[in-house]
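Dear colleague,

Please find the structure below, followed by a summary of what was found in it.

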Amino acid sequence: MARKVTMYTAQWGDLDFHVLAKKMSEYGYDGLELKCTGDRPCDHFNVRAALDDDGYCAKKRADLESYGLGCWALSAHSYGQLILDELDFRHKSMTSPYLWGDGDPAGVRQRAIEEMKLTAHAAKKFGVSVVNGFTGSSIWKYFYSFPPVPQWVIDDGYKLLAELWLPILDVFQECGVKFALEVHPTEIAFDLYSALQTLESLEHHPAFGFNFDPSHLFWQGIDPVEFIRMFPDRIFHVHVKDAIQTLNGRTGILGSHLNFGNRRRGWDFRSPGRGDVNFEEIIRELNAIDYQGPLSVEWEDSGMNRDHGAKEAVQFVRNLDFAASDVAFDAAFERKSGGIDS
């Protein structure tokens with residue numbers, strides 16, 4: 001059976017849930033990866049309501065089913081970022097007012113930790129087994145080690161990860177829900193080796209794994225297939241997002257402080273199938289590790305109309321996805337005795 005094709009709702013946060021669900025159903029998606037929006041105007045999934053209102057989860061499921069849609073993962077990216085980051089003005093705009101409060105970093109962090117724990121309980125109640133998200137990072141600013149960064153500073157960053165996240169992951173484990181970190185610049189795990197260090201620092205916690213997004217690896221020069229091969233039992237969810245490098249002798253891989261969509265950047269995101277990510281090999285490797293979860297389109301392309309991109313993307317993923325073979329291609333040549341016909 002082909003994997004479910006879903007749409008991640010974060011980039012559609014300006015649309016009412018019903019408007020978005022109807023649209024994605026018409027485009028041919030199997031379901032939605034719902035962003036937890038808290039008290040934001042467009043309620044895609046409200047964690048507090050899910051826990052406080054006994055009818056919320058059942059109604060949300062019924063609403064999805066009325067459009068022929070399912071949900072297999074939630075997203076807690078925005079407040080996961082608050083847990084390890086050194087907070088500043090940038091975080092306020094991406095944070096629900098009740099989490100931000102008076103903006104005191106210690107209070108914001110503690111509320112974000114509690115919200116993440118509540119998310120595990122809400123996911124269980126909703127019948128979803130994976131929550132995708134970010135962790136933030138207290139040491140991302142040191143990725144280029146100048147002025148020189150002593151090793152103990154980096155070590156302390158991973159110790160803080162363990163201190164703050166192991167209790168959260170214990171709650172996820174109690175709820176039977178997995179937390180899938182999207183390996184991404186600005187996170188504690190942003191490439192292959194930092195992901196390995198993260199896993200080791202978290203003592204290979206059974207509730208912790210990765211939301212595999214090849215676009216964030218590709219532009220750094222990392223082969224996404226190698227990431228799957230290194231962490232075959234930790235790929236809990238998959239984002240389908242494309243990227244392209246546009247290095248021409250003038251452009252730089254660090255982006256030159258130019259926003260996405262600027263043609264002078266050295267790389268950018270693209271609608272699935274419009275960039276240079278080798279999804280063919282990714283599907284083959286996902287088959288090799290027997291990944292059966294959804295393929296969730298995260299649509300980001302500053303140069304394309306998003307409705308056009310969403311309609312095109314679902315067909316691209318369906319055409320791309322295929323099941324692994326259950327027989328060797330040359331098995332038909334073998335005799336039942338094991339010999340070969342002449």
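To begin with one side chain: apart from its neighbours within four places in sequence, Arg48 is in contact with Tyr98, Glu115 and Leu118, where contact means heavy atoms within 4.5 Å. Arg48 belongs to helix α2 (residues 47-52); helices (H or I, at least four residues) and strands (E, at least two) are DSSP runs, numbered from the N terminus. With a relative accessible area of 33%, Arg48 is partly exposed; buried means under 20% relative accessible area, exposed over 50%, and partly exposed in between (1.4 Å probe, protein chains only). The C-alpha atom of Arg48 is separated by 35 Å from that of Leu192, 144 residues apart along the chain.

Please note that this is a predicted model, in which local features need pLDDT of at least 70 and side-chain atom pairs count only at pLDDT 80 or more, while totals for chains, interfaces and linings use all residues. Residues are numbered from 1 along each chain as its sequence is written, and side-chain values use heavy atoms, with hydrogens and water left out.

As to the overall fold, the protein contains 13 helices and ten strands. A compact globule of 342 residues would have a radius of gyration near 20 Å, and the 21 Å of the protein agrees with this; the radius is taken over C-alpha atoms, and the globule rule is 2.2 Å times the number of residues to the power 0.38. The C-alpha trace spans about 80 × 55 × 40 Å along its principal axes. Of the 342 residues, 51% count as buried. Among contacts with a separation of 6 or more, 77% come from residues 24 or more positions apart.

Turning to the cysteines, a search of the whole structure finds zero disulfides, a disulfide being a pair of cysteine sulfur atoms within 2.5 Å. Cys71 is in no disulfide, and its nearest cysteine sulfur, that of Cys36, is 8.8 Å away. Cys57 is buried, at 6% relative accessible area, and Cys71 counts as buried at 2%.

Finally, helix α12 (residues 279-288) has several buried residues, including Phe279, Ile282, Ile283 and Leu286. Just after α12, Asp290 takes a positive phi of about 60°.

Yours sincerely
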